[in-house]
Amino acid sequence: MNIRPVRIDDLMGMQACNLQNLPENYTLRYYLYHALTWPHLSYVAEEDGKIVGYILAKMEEDVPDGELSHGHVTSISVLRSYRRLGLAKRLMIQSQEAMATIYKAPYVSLHVRKSNRAALGLYRDTLGFTVKEIEKGYYADGEDAYAMQLSLEEFAR
């Protein structure tokens, strides 16, 4: 299994992975925007040239005056048959390290459905994220989200 930075020709495979796994879907333009604006933050997991997982990440653009921009995980997905192999953790760590070392991000944020127990286990129990707040009706279907954060101090150099 190979994990590497995203390339423009990966975007269709990333979108296919997203459509297969997640109810939140994005346009190709949105993937392209991330890939071109923050090329060091998004990664793919591939096997035999097939995209089997990805992380789409960015630096937060709208921050209050006096605050540092922080990293944000927009989307992460691994095809069902490739889960429980540590790919999501590897994708997250790769992106987090780049956020801290390249962009000097003090922390990373993400949103996760309250009902997504597998993702919560990864973020909270494996990676050490903490819940900062609950965002009511965050998702299009009305489900609440946990807004989570993780300090990137351990990656700072």
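Throughout these close-ups, buried means under 20% relative accessible area, exposed means over 50%, and partly exposed lies in between (1.4 Å probe, protein chains only). The model shown is predicted: local features need pLDDT of at least 70, side-chain atom pairs count only at pLDDT 80 or more, and totals for chains, interfaces and linings use all residues. Residues are numbered from 1 along each chain as its sequence is written, and side-chain values use heavy atoms, with hydrogens and water left out.

**View 1. D141 and R113 form a salt bridge.** A salt bridge here is a side-chain nitrogen of Lys or Arg within 4 Å of a carboxyl oxygen of Asp or Glu; eight of them are present in the structure. In this pair, the closest N and O atoms are 3.0 Å apart. D141 sits in the loop between β6 (130-135) and β7 (145-151), while R113 belongs to strand β5 (residues 107-113), so the bridge ties together parts 28 residues apart in sequence. Helices (H or I, at least four residues) and strands (E, at least two) are DSSP runs, numbered from the N terminus. D141 is exposed, at 55% relative accessibility, whereas R113 is buried at 11%.

**View 2. Two further pairs, D125 with R124 and D144 with K136, are also salt bridges.** Between D125 and R124, the closest N and O atoms are 3.3 Å apart. D125 is exposed, with 57% relative accessible area, and R124 is partly exposed, with 42%. For D144 and K136 the N and O atoms come to 3.5 Å at their closest.

**View 3. R4, D10 and E46 join in a network of salt bridges.** Side chains of opposite charge can pair when their charged atoms come close.

**View 4. Helix α4 (residues 117-126) has its buried residues at A119, L120, G121, L122 and Y123.** Look around them for their cover, which includes β4 (71-78), α3 (87-102), β5 and β7. After α4 comes G128, with a positive phi near 90°.

**View 5. K58 lies in strand β3 (residues 50-59).** This lysine is buried, with a relative accessible area of 14%. Leaving aside residues up to four places away in sequence, K58 touches H34, W38, L41, H70, G71, H72, T74 and M99, where contact means heavy atoms within 4.5 Å.
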